[in-house]
Amino acid sequence: MIVPLVAGLALAARATSDLARLIASDRGLPLWDEAGHAVAGLQVAAALHRLDPLGLAAAINRQVLWPFVHSLVLAPAFLAAGPTVAVARGVSAALFAGCLLLLFA
């Protein structure tokens, strides 16, 4: 009776260790589209606000899941109107509308 209990505890400890290592290795940024784009735009805006060219280069270089152009468009909007969800969604909607117009043209 004690052997299965010890084996179960050992497996639980191993699973907990593996899960903790997986969580610790995460970069910490959201990886879904809307939040990921907004965070990237906030990082670029923060670097621009600080006039930090190395921070700007690092913020652009960290964007490995999507092209960096969206964050470069979001950053001035965040600086002008504030870092809100409405600003991020408004910029994305405007870019989408612009793509539709370009597609039509």
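The model is predicted, so local features need pLDDT of at least 70 and side-chain atom pairs count only at pLDDT 80 or more, while totals for chains, interfaces and linings use all residues. Residues are numbered from 1 along each chain as its sequence is written, and side-chain values use heavy atoms, leaving out hydrogens and water.

Let us start with the helices. Helix 4 covers residues 69–81 and helix 5 covers residues 85–104; helices here are DSSP runs (H or I, at least four residues), numbered from the N terminus. The two pack at an angle of about 135 degrees, their axes 10 Å apart. On the helix 4 side, His70, Val73, Leu74, Ala77, Phe78 and Ala81 make the contact, and Val87, Ala88, Val91, Ser92 and Leu95 of helix 5 meet them (contact means heavy atoms within 4.5 Å).

Now look at serine 71, which also sits in helix 4. Serine 71 is buried at 1% relative accessible area (buried is under 20%, exposed over 50%, partly exposed in between, with a 1.4 Å probe and protein chains only). Beyond its neighbours within four places in sequence, serine 71 touches Ala40, Gly41, Val44 and Gln63.

Finally, find aspartate 52 and arginine 50, whose side chains form a salt bridge at 3.4 Å, N to O (a side-chain nitrogen of Lys or Arg within 4 Å of a carboxyl oxygen of Asp or Glu). Aspartate 52 is partly exposed at 26%, whereas arginine 50 is exposed at 51%.

Key: Axes are lines fitted to C-alpha atoms, for helices over the stretch in contact, and angles run from 0 to 180 degrees between N-to-C directions.
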